[in-house]
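Below are some remarks for a colleague who will be working from the coordinates. They are set out as numbered points, each on one topic.

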Amino acid sequence: MSLGPWQVLLIAVVVLVLFGRGKISSLMGEVGKGITSFKRGVQEGKDELEEQIADAKDVTPEKEKDDA
């Protein structure tokens, strides 16, 4: 069961009538802020992980390093 373009348009009109243009635009603004915040958090976590990997010490014993 798939929605066609007329059904999507009808749903959009009903939502617009029920909530009004101002409420929908403020809601979409909040959704955009949430997505931006999520992306920023993911990037900060990735940067922190890469920093920890770069700071990791090599704990291989010297004898094993020489054998390699």
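**Notes on the helices and their contacts**

1. E30 and K33 are three residues apart in helix 2, which means that about one helical turn separates them. Please keep in mind throughout that this is a predicted model.

2. The side chains of E30 and K33 form a salt bridge, with an N to O distance of 3.8 Å, and the structure holds one salt bridge. In general, side chains of opposite charge can pair when their charged atoms come close.

3. Helix 1, residues 5-19, and helix 2, residues 21-55, have axes that come within 6 Å of each other and cross at roughly 105°. The two helices are therefore roughly perpendicular to each other, since angles of 65 to 115 degrees are placed in that class.

4. Which residues make the contact between helix 1 and helix 2? On the side of helix 1 they are V15, L16 and F19, while helix 2 contributes R21, K23 and I24. Sorted by class, the contact of helix 1 with helix 2 has four nonpolar residues and two charged ones, with no polar residue.

5. Helix 1 itself has 15 residues and reaches 21 Å from its first C-alpha to its last, which is close to the 21 Å expected at 1.5 Å a residue. Just after helix 1 comes G20, which takes a positive phi of about 85°.

Notes: Residues numbered from 1 in each chain as written. Predicted model: local features only at pLDDT ≥ 70, side-chain atom pairs only at ≥ 80, totals over all residues. Heavy atoms only, no water. Axes fitted to C-alpha atoms, helices over the stretch in contact; angles between N-to-C directions. Helix = DSSP H or I, 4+ residues; strand = E, 2+ residues; numbered from the N terminus. Parallel < 35°, antiparallel > 145°, perpendicular 65-115°, else oblique. Contact = heavy atoms within 4.5 Å. Nonpolar A, V, L, I, M, F, W, Y, C, P; charged D, E, K, R; others polar. Salt bridge = Lys/Arg side-chain N within 4 Å of Asp/Glu carboxyl O. Expected span 1.5 Å × (residues − 1).
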